[in-house]
Amino acid sequence: MARVPTRKIMQALAETYPDAQCALHFTNPFELLIATMLSAQCTDKRVNIITERLFKKYRGPADFAAVSQAELEADIRDCGLFRAKAQNIRETARLLLEKHGGEVPADHAALTALPGVGRKTANVVLSNAFGVPAIAVDTHVFRVANRLGLAEGSTPEKVEQQLMRRLPKAQWSSAHHWLIHHGRAICAARGPKCEICPVLAYCLEGKRLNKGTNVHENR
Ligand code: SF4
């Protein structure tokens with residue numbers, strides 16, 4: 001991996017995004033699990049609109065396990081992939097009742113055994129609902145980590161592993177939020193605003209895009 005000033009990058013991001021936290025609305029681990037499942041190929045803003053009414057109608061796994069496929073599809077059809085999501089949510093609710101007493105397990109293997117729950121969703125739930133250090137690699141984390149040289153991974157799992165090796169465990173969950181916020185606010189997929197970026201001085205991609213900038217001068 002490239003030699004980059006990780007500590008300085010994290011410090012700058014922490015100062016830029018001091019209030020960075022999960023953008024999904026939830027009041028318990030089950031609501032966060034459902035919201036995160038709904039967020040695939042859908043904005044957090046839209047998910048929050050959907051879950052505001054959804055969680056009034058469905059109070060927990062028993063309600064989701066009892067609803068018909070057609071009714072749940074109709075309730076979540078404003079987000080993408082609603083048929084697959086409805087199927088996965090109903091089956092996940094049934095499995096939570098059958099295997100976990102209706103509770104969301106605070107365990108990575110148990111979470112990823114649920115239908116529609118991958119590494120990213122499991123890490124979001126573990127980190128935000130249970131306070132377990134984890135780095136959920138979404139499209140923003142993947143892009144920003146690679147641009148900054150914090151990771152050189154071709155898959156989200158590789159980037160997660162590299163970030164976990166590079167960052168202190170106590171910083172994993174915060175770093176996840178800082179990188180997401182940075183990806184949304186400044187380091188967009190198209191047209192990153194390098195000219196106002198607080199980590200331009202340390203960024204390999206920023207140097208390439210902004211020829212003449214003396215990166216690493218503050219290392
Ligand atoms: Fe992204 Fe540009 Fe900042 Fe690098 S300098 S992190 S490419 S916005």
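Guide: Before you ask about elements, note that helices (H or I, at least four residues) and strands (E, at least two) are DSSP runs, numbered from the N terminus. This is a predicted model, where local features need pLDDT of at least 70, side-chain atom pairs count only at pLDDT 80 or more, and totals for chains, interfaces and linings use all residues. Numbering starts from 1 along each chain as its sequence is written, and side-chain values use heavy atoms, with hydrogens and water left out.

Visitor: Let's start with the open space. Which element gives the most to the lining of the largest pocket?

Guide: On a 1 Å grid over the protein atoms alone, a pocket is an open set of points with protein on both sides within 12 Å along at least five of seven lines, a cavity is a set where a 1.4 Å probe fits but cannot get out, and lining residues have an atom within 4 Å of a point. The largest pocket holds about 350 Å³ of space, a volume being what probe spheres on the points fill, with points joined across faces, edges and corners. Its lining has 20 residues, of which Asp 44, Lys 120, Asp 138, Ile 180 and Arg 184 are the closest to the centre. At least two lining residues come from each of α8 (119-130), α9 and α11 (172-185), and the top contributor, with 5 residues, is α11.

Visitor: How many polar residues does that lining of the largest pocket have?

Guide: Sort them by class: Ala, Val, Leu, Ile, Met, Phe, Trp, Tyr, Cys and Pro are nonpolar, Asp, Glu, Lys and Arg are charged, and the others, Gly among them, are polar. The lining of the largest pocket then has 6 nonpolar and 4 charged residues, while the polar count is 10.

Visitor: What about Gln 41, buried or exposed?

Guide: Gln 41 is in the loop between α2 and α3 (44-57), and it too is a non-glycine with a positive phi, about 55°. Its relative accessibility is 69%, so Gln 41 counts as exposed.

Visitor: Which element gives the most to the lining of the largest cavity?

Guide: By class, that lining splits into 10 nonpolar, 2 polar and 2 charged residues. Giving 3 residues to it, the leading element is α12.

Visitor: Which elements give two or more residues to the shell around the ligand?

Guide: The ligand sits in the largest cavity, in the sense that more than half of its atoms lie within 2 Å of the grid points. Residues count as near it if a heavy atom lies within 4 Å, and they are Arg 147, Leu 148, His 182, Ile 186, Cys 187, Pro 192, Cys 194, Cys 197, Leu 200, Cys 203, Glu 205 and Gly 206. The elements giving two or more of them are α9 (139-148) and α12 (204-209).

Visitor: Last one: which residues form one aromatic cluster?

Guide: Rings of Phe, Tyr and Trp (its six-membered ring) pair if their centres lie within 6.5 Å, with planes under 30 degrees apart stacked, over 60 edge-to-face and the rest tilted, and the count comes to 2 aromatic pairs. Tyr 58 and Phe 64 are stacked, because their ring centres are 4.6 Å apart and their planes are at 20°. Both Tyr 58 and Phe 64 are buried. The cluster is made of Phe 30, Tyr 58 and Phe 64.

Notes: Buried means under 20% relative accessible area, exposed over 50%, partly exposed in between (1.4 Å probe, protein chains only).
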